[in-house]
Amino acid sequence: MTDWTDPDAVDLSDGETFDALLDRAETREKGHFFEFFAEGDELVHDPGLRLSQHGSEQWMGQTLNHDPAYWRADAARERDYEDVPVHPDYLLACVMGITVEDLSEKGGYFLGRDDVQFHRPATPGTLLAVTSTVVDTRTSSSRPKYGIVTWETEGRDRETGETLVTYRRTNMIPRREPAATDGGAVGEQDAGGPTLPDTLLSPDGEHFADFQRALDTAREEQAAVAYRHERGRTMDDQLVAGLPLATLNTARQHHNRDEMADSPSGDIVAYGDVTRSIALAHARSDEATYREHRFADERFHDFVTLGDTVYGFTRVLDCDPDAGPERAGAVTFEHVAFNQEQTPVYSGRRTALIQRDT
Ligand SMILES: C/C(=C\C(=O)O)C(=O)SCCNC(=O)CCNC(=O)[C@H](O)C(C)(C)COP(=O)(O)OP(=O)(O)OC[C@H]1O[C@@H](n2cnc3c(N)ncnc32)[C@H](O)[C@@H]1OP(=O)(O)O
């Protein structure tokens with residue numbers, strides 16, 4: 001009788017035997033199918049990542065968020081931070097990265113995020129505690145193999161309990177069993193031509209008054225304040241696989257080319273937070289940012305794969321001189337990330353405090 005505990009009991013050099021072995025072996029699963037999630041469930045995410053200066057600088061460097069307030073004490077003080085904080089995109093990506101194993105590792109796609117709020121800056125060394133609540137689950141009418149789940153997530157400082165960031169996120173999550181639907185049309189576009197303003201204006205400078213002036217002029221002329229950013233960033237392995245793994249994001253979409261070969265994208269895809277951070281970096285490079293305030297209505301419209309180049313487009317929606325401290329006013333933007341074929345891959349509404357002048 002064969003001793004199946006004997007390492008030599010199976011001839012691994014014989015491909016056919018190994019194939020047959022794999023076919024019969026059960027897969028120890030990671031992550032959860034759609035059916036796991038029920039409205040009201042709370043999930044406490046375990047890994048408890050510690051934010052680091054190195055991680056923040058690596059994120060900033062790779063995504064072109066080259067803002068000295070997040071690495072130099074004098075520049076941080078100049079922006080009224082007591083200590084040099086980590087970059088908010090890195091903080092957000094770390095909070096979300098920790099949740100992936102419990103919420104979305106099974107696959108499917110990050111569809112969007114809403115109500116992103118930064119409650120207080122976080123400094124290197126902060127240990128994160130992250131929890132999520134399931135707020136909605138529904139069947140996807142266009143994709144019977146998937147359901148759509150929305151969670152509310154809160155990232156806290158594990159030691160003080162203070163809330164750092166909160167948001168609501170929606171993903172497509174594979175179902176264990178496909179749902180019975182009519183299989184409706186996928187990705188249908190509305191008919192009809194585009195409606196665009198006659199003129200697109202660009203602010204003259206990077207301060208609050210420049211945005212406000214441009215918006216006032218646009219209102220008088222029925223124009224829009226909308227512009228693109230010159231910089232682009234081609235997605236390499238470091239961005240697509242390296243950065244998500246550095247935030248403990250275990251989504252196979254980012255690092256398992258073998259699994260992704262059969263998926264709609266045919267290859268690994270960039271973590272949405274990396275794509276978004278690059279587009280925001282392009283935008284921030286054309287403004288005197290004081291603080292990040294909030295994000296809303298974030299959407300990921302299409303895949304970003306290795307070799308794609310991410311560019312940015314910005315539309316100014318509103319200026320509020322009364323929000324924020326004396327030295328800054330609030331500007332609400334719509335940012336769009338697009339690829340080399342000019343296909344939008346991300347869009348989101350962002351309110352940031354922009355310095356009045358230096
Ligand atoms: C995995 C990960 C992180 C993590 O681990 O988490 C990541 O970083 S991954 C990288 C970032 N991500 C992407 O690369 C996805 C890019 N994207 C696409 O490639 C296309 O979007 C699509 C192929 C997914 C779908 O394409 P599409 O079928 O043409 O899209 P739509 O028909 O618009 O949406 C289909 C259904 O999602 C509903 N829906 C859409 N958006 C929202 C929203 N914001 N809130 C609530 N429901 C929404 C819609 O209501 C419809 O619902 P129904 O199925 O019921 O009709």
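**The nonpolar core**

Mentor: The largest nonpolar core has 41 residues. Those with the most contacts inside it are Leu-51, Leu-91, Leu-128, Met-235 and Val-274. Keep in mind that this is a predicted model.

Look next at the elements that supply it. Two or more residues each come from helix 4 (88–103), helix 6 (237–246) and helix 8 (272–284), among others. The strands with at least two residues in this core include strand 2 (110–118), strand 3 (128–139) and strand 5 (163–174). Strand 8 (289–300) and strand 11 (344–355) also supply at least two each. Helix 4 gives the most, with eight residues.

Where does this core lie? Domain 1 (30–181) and domain 2 (196–357) both give residues to this core, so it lies between them.

Now zoom in on Met-235. Leave aside its neighbours within four places in sequence.

Helix 4, strand 2, strand 5 and strand 8 give two or more residues to the shell around the ligand. Strand 5 gives the most to that shell, with four residues. In total, 30 residues surround the ligand, and Ser-104, Ser-140, Ser-142, Arg-143 and Arg-169 are the closest.

Notes
Residues are numbered from 1 along each chain as its sequence is written. This is a predicted model: local features need pLDDT of at least 70, side-chain atom pairs count only at pLDDT 80 or more; totals for chains, interfaces and linings use all residues. Side-chain values use heavy atoms; hydrogens and water are left out. A nonpolar core is a set of buried Ala, Val, Leu, Ile, Met, Phe, Trp, Tyr and Cys residues joined through side-chain atoms within 4.5 Å. Buried means under 20% relative accessible area, exposed over 50%, partly exposed in between (1.4 Å probe, protein chains only). Domain bounds come from an automatic or database domain assignment. Contact means heavy atoms within 4.5 Å. A residue is near a molecule or strand if one of its heavy atoms lies within 4 Å of it.
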